[in-house]
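Please take a moment to look over the sequence and the model below before reading on.

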Amino acid sequence: MVACAPGRAEPAVDQAERILVVEDDAELRSLLGELLRTEGFQAVSVADGAEAIRRATSDRPDAVILDLMLPDMSGFEVCQELKFRRDTNLIPIVMLTALHDARSRRSGLRVGANRYLTKPFSPDELLREVRSSLEHRRELSERRTHTSVELQLDSDTHQREQLNDLLSELFVQTPLSETEIGQIRTATLEMIENAAEWGNRRHKDLTVSIAYEVTDRWLKFVITDQGPGFDRGQLPHAAQAEDPTAHMEIREKLGLRNGGFGILIARGMVDHFEYNERGNQVTLVKYFVRSANS
Amino acid sequence: MATLDQSDVRGVKVLRLAGSLTRDGVDQVEMAFVAALRGEPRVVVDLHGVDLLTTPGISMLLAAERELKQAKGRLVLSGVRGMADEVLRRCKLHTVLSVAPTLEAAVERATDG
């Protein structure tokens, strides 16, 4: 047993937060386990993805530290398994990546971790990410979140069909009607297409992040691109609610193809629609209360 | 995924679109859709099988409508329902595109005049 840091009170083992470490490198796995135990966590270590899913499902740890490159499957596949199970969905995942991983394991659409840490990292960096993800988990509990999924989509990919399938799996777990699901699906796809095409200009190295959260009362998407954003006061080529077709002449003069309806459509299909100041992040919210009354 | 099926009804080209007319869906059918319009003065686009319609799908329909208009032809939509109907209404595109309640009515309208 590794001694606690000076001055740190060792918590009772049954109160300590439980961390599942998934790392195939035996030396690093052992080091991570020791570090966590030193800091008062309970640590359980496994070496592959299948065992990680089994242990996470049976033990329900408070957090998972997950290596991206595993012998039997990628960390993203483990993420997808855990994030799409109701009983493991909220377990925060800190993913460990190497610098070369991002390119070698790109797959267009990924179910992501809550936090990322690039190797090599210091013990302090790891502990900061673990504590931060545990804090995030507590915040989710406070607002009675029961589903939280982070997706990443490459801007040049044609995997939105797969995205559509993933959304279907997520929406099944909500009380929304078929029409409301159609509305939020349409709004989400419009904004994701906007983020990839106008925000990231379909640049192959830029991704669209999609954060999905469901509580007892609402469903929320936060869609973020890595582009420079835009001035929402300067959109003469986009459809406006008061006259949705007036912009078509402007687009023709500017040599743009027909379109510009994305924001108008998305705004009309959700209960709350908001861009951030920079214009590279949009939040879409659909309340369940309305669906109960409708 | 989106699909395109073509037929002729009383001299009118009928193009049946189905699936999701999103960016990926449009990429799957747009070339065949554009090719099918070529040289056809009267076209009905049936959207009965379309479950999702986003901006790329609207763009494809508007471009087709404009092309036929310029060629003194006519494009009529039919089978507009569910989310496709809601999207077109929100964008007030029923005022720009000709929308008939049934395929039969769309064929009639396309041949009218």
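H7(A) passes H9(A) in a left-handed crossing, where left-handed means that the near helix is turned anticlockwise from the far one by less than a right angle. This is a predicted model, in which local features need pLDDT of at least 70 and side-chain atom pairs count only at pLDDT 80 or more, while totals for chains, interfaces and linings use all residues. Residues are numbered from 1 along each chain as its sequence is written, and chains are lettered from A and ligands numbered from 1 in the order in which they are written. Helices (H or I, at least four residues) and strands (E, at least two) are DSSP runs, numbered from the N terminus.

Two packed helices are described by the angle between their axes and the distance between the axes. Helix H7 (residues 178-199) and helix H9 (residues 262-269) of chain A pack at about 150°, their axes lying 8 Å apart; axes are lines fitted to C-alpha atoms, for helices over the stretch in contact, and angles run from 0 to 180 degrees between N-to-C directions. Among the residues of H7(A) that meet H9(A) are A:Ile184 and A:Met191, and the partners in H9(A) include A:Ile265 and A:Met269, with contact meaning that C-beta atoms, placed from the backbone, lie within 7 Å. The residues of this contact divide into 6 nonpolar, 4 polar and 2 charged, where Ala, Val, Leu, Ile, Met, Phe, Trp, Tyr, Cys and Pro count as nonpolar, Asp, Glu, Lys and Arg as charged, and the others, Gly among them, as polar.

Turning to chain B, we find an open sheet of 5 strands with mixed pairing, in the order S1-S2-S3-S4-S5; two strands pair if DSSP finds at least two bridges between them. Strand S1 (2-9) and strand S5 (98-99) of chain B are the edge strands, each pairing on one side only. Within the sheet, strand S2 (residues 12-21) and strand S3 (residues 42-53) of chain B pair in the parallel sense over 8 bridges, and B:Leu52 in S3(B) is the bridge partner of B:Ser20. Helix H4 (residues 103-111) of chain B lies across S1, S2, S3, S4 and S5 of that chain, running at about 145° to S3(B).

Finally, 21 residues of chain B are in contact with 21 residues of chain A. On the chain B side, helices H1 (23-37), H2 (55-70) and H3 (82-90) each supply at least two residues, and the largest share, 5 residues, comes from H2(B).

How values were computed. Two residues are in contact if their C-beta atoms, placed from the backbone, lie within 7 Å.
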